[in-house]
Amino acid sequence: MESAATTNHMEIVYERPVTLTDTPMHYCPGCGHGVVHRVLMEVINEMGIQDRTVGVAPVGCSVFAYNYMNVDMQEAAHGRASAVATGIKRVLPEKYVYSYQGDGDLAAIGTGETIHTVNRGENILMIFINNAIYGMTGGQMAPTSILGQVTSTTPYGRKSDLNGFPLKITDLVTQLPGAYYVTRQSVHTAAAVRKLKKAIEASFKYQPLKKGTCFIEVVSNCPSGWKMTPIEANAWMEKNMFPLYPIGDLKVPKQN
Amino acid sequence: MTTLSEPKLRFCTGNQMIAEGAVRAGCRFFAGYPITPASGIYKSMIDLLQRRGDVAISAPDEISALAYCVGASMRGFKSMTATSGPGWALMIETIQYALMTETPVVIAFVQRLGPSTGGATQGAQGDILLSEFCTSGGYTIPILCPSTPAECFDLTHKAFAWAEMLRTPVIVLSDKEVGMTSECVDFARLSNQAPPTRKHKSDFASSKMYDFAERVEVPEYLSVGGMGKVTATGSAHNKSGELKKNDTETLEVLHHLEEKIRSRRSELAVTTFDGQAGAETLVVSFGITARTMRETVRNVRRLGKKVSALSIQSLFPVPDEKIKEAMVGISRIVIAEENFSGQYRSVLAPLLYGKEVVGVNKIGSMITPAEIEEQIV
Ligand SMILES: Cc1ncc(C[n+]2csc(CCOP(=O)(O)OP(=O)(O)O)c2C)c(N)n1
Ligand code: SF4
Ligand SMILES: [Mg+2]
């Protein structure tokens, strides 16, 4: 039996931030979505901006984001998250506004919205979960699927002549003058998670400066859609996705 | 003595059978974007067409998916895409473009619960009005509605025939239950014929893009990349396909777009009538609910009640003659459909004048035999 004395000396070093609801997540074991949710909500908690933050979720596996993220949340129609976020930010310019989208949502059906949101330099944070597949609808090829990748709609592997090339949309938006801070991160190790956290923190700190769009790609996984165990999935991601989608900053604000 | 062919049984979903029906009808081009409950058609078409060396491609959204199909069809390729409510909303622009340019195309629309993203895995028959009345100007779009996997095959096959012969977009309006449920299908009983194909022009020199004397005529096809110059536009145009305002010939073309379909509504009617002598109640249904209706009818007849039943496979153009025939001697009409307002009932209302009309309606789950039975007196 534990003595009262021992209990009193126990220090809490890690707990659920108040910005994350006490709800079991529906994500598959090993999925990156849950980790990104947690890190994002930790930052919002630590910066003390919970009451001033508004999120826009996509249609994709993260449709239930409102269930976990304890800030004002709206799920937009498929691909339209950054457009809805634009409307919100324009009428509530003092709020911290972010969109959270998958690769199908942001880089296929929402490509137009993505390009124009960044090109306008909309003062929001766009979080982009690139798992190289349409997770929610059962593992079809996404624009970010890599060459050779077998999905339910590329039974012989993705071929460039048939399906085109993987779309590096983060590189594309980096070119736009409205982009203020663009970075590519991941969540497969503790060190990677810490780096993502710093990137999210920086993005929210930049937002009141009204200097343009912050864009964070998270190279992530989809063990279910890829038909792999979580460990296999992370290994596959490191081996096949990182060379194509290298981790690191693509555009950092100029020091002045 | 009749010889019956050996049954060739396979366990298939309605979605797979739409794909099989399309390929049998000569479909050589498919473009898709994933969406539950229609993704099975996308996957099956990739599997079936790529194996044959035909084109099955992934689009970045439904707007592109349908536009790819229209482009391929402009060259004469039989083309299809598949979607559900949210994707359909994005396709409406290009459906109108296909209608206006008289380009055949088939759209498999597998309904789920709406509005908006609605319920991706919940069935519904809530898009009857949305699918039919989606054109500016209010043109008739032919709609076929299957209730079984075998019907998915037959009606998709027919949809290609209609699209080709009428030069217009045709919809196969399925639903989640029909699309995603696996059932036994006897392939030996399915058509092994390809349906007719549009007539192509042979005389290029004198040909106008849309050559017709009477509004009801379907002009011969001038395909893109062929011998004659093609001029197609989604804007109002004359018979040469030139953008015009409201001169007589342009208005004639606009009337023709509707008349070529409306004038053929008797030959396009597809219904199954199960009449009973002396019945005063007629039950009308379609799609998945037609199966519930057929079950109900079996049950109540066993109890000694008299009832007739009409399953409608061709929702549009409305098979008005078939409905009137089924109504002879009937005083009470029960219309069962899985939406809250009775969408098809509202379409049929003008035909049912003077009858007692009752709707069996529901959202969120399938209508049960007991719910229809309650309305059979
Ligand atoms: C207009 C429209 N088309 C298709 C869909 C179906 N749909 C729902 S989620 C999804 C893809 C999600 O993939 P992604 O954005 O990569 O997110 P993930 O699930 O992989 O996180 C699709 C195509 C829809 N809801 N709306
Ligand atoms: S399907 Fe893929 S993206 Fe969706 S929760 Fe499962 S692992 Fe994550
Ligand atoms: Mg994805």
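In chain A, Ser82(A), Ala83(A) and Thr86(A) of helix 4 are in contact with Glu113(A), Thr114(A) and Thr117(A) of helix 6, where contact denotes C-beta atoms, placed from the backbone, within 7 Å. Helices (H or I, at least four residues) and strands (E, at least two) are DSSP runs numbered from the N terminus. Helix 4 (residues 81-91) and helix 6 (residues 111-119) of chain A pack at an angle of about 40°, and their axes are 8 Å apart; axes are lines fitted to C-alpha atoms, for helices over the stretch in contact, and angles run from 0 to 180 degrees between N-to-C directions. One nonpolar, four polar and one charged residue make up this helix contact. In this classification Ala, Val, Leu, Ile, Met, Phe, Trp, Tyr, Cys and Pro count as nonpolar, Asp, Glu, Lys and Arg as charged, and the others, Gly among them, as polar.

The model is predicted: local features need pLDDT of at least 70 and side-chain atom pairs count only at pLDDT 80 or more, while totals for chains, interfaces and linings use all residues. Residues are numbered from 1 along each chain as its sequence is written, and chains are lettered from A and ligands numbered from 1 in the order in which they are written.

Ligand 1 is placed between chains A and B. There are 27 residues around ligand 1, of which Gly60(A), His78(A), Gly102(A), Gly104(A) and Gly135(A) come nearest; a residue is assigned to a ligand if its C-beta atom, placed from the backbone, lies within 6 Å of it. Helix 5 (103-109) of chain A and helix 4 (85-101) of chain B are the elements giving two or more residues to this shell. By class, the shell around ligand 1 holds 14 nonpolar, 10 polar and three charged residues. The shell around ligand 2 includes Tyr27(A), Cys28(A), Cys31(A), His33(A), Cys61(A) and Cys222(A). Helix 10 (residues 223-226) of chain A supplies the largest share of that shell, three residues.

Between the chains, 15 residues of chain B are in contact with 18 residues of chain A. On the chain B side, helix 2 (39-52) and strand 3 (55-58) each give two or more residues, and helix 2 of chain B has the largest share, five residues. This side comprises seven nonpolar, five polar and three charged residues.

Chain B contains an open sheet of seven strands in the order 3-2-4-5-7-6-12, with mixed pairing; strands pair if DSSP finds at least two bridges between them. Strand 3 and strand 12 (314-316) of chain B each have a single partner strand, so one side of each is left without a neighbour in the sheet. Strand 4 (residues 79-83) and strand 5 (residues 105-111) of chain B are paired in the parallel sense over four bridges, and Thr83(B) has Phe109(B) of strand 5 as its bridge partner. Helix 6 of chain B packs on this sheet, touching strand 5, strand 6 (143-144) and strand 7, and makes about 165° with the direction of strand 7. Helix 4 of chain B lies across strand 4, strand 5 and strand 7 (169-175), at about 160° to strand 5.

An open sheet of five strands in chain B has the order 9-11-10-13-14, again with mixed pairing. Its edges are strand 9 (271-274) and strand 14 (356-361) of chain B, each pairing on one side only. Strand 9 and strand 11 (residues 308-312) of chain B are antiparallel over four bridges, with Ala309(B) the bridge partner of Asp274(B).

The largest nonpolar core has 101 residues, and Ala22(B), Cys69(B), Val106(B), Ala108(B), Val172(B) and Val283(B) have the most contacts inside it. Such a core is a set of buried Ala, Val, Leu, Ile, Met, Phe, Trp, Tyr and Cys residues joined through C-beta atoms within 7 Å. A residue is buried if 20 or more other C-beta atoms lie within 10 Å of its own, exposed if 12 or fewer, and partly exposed in between, with C-beta atoms placed from the backbone. Helix 6 (residues 149-166) of chain B contributes the largest share of this core, nine residues. A second, separate core of 62 residues includes Leu40(A), Ala57(A), Ala65(A) and Cys222(A). In helix 1 (residues 14-24) of chain B, 11 of the 11 residues are buried, so this helix is largely enclosed by the rest of the structure.

Key:
Contact = placed C-beta atoms within 7 Å.
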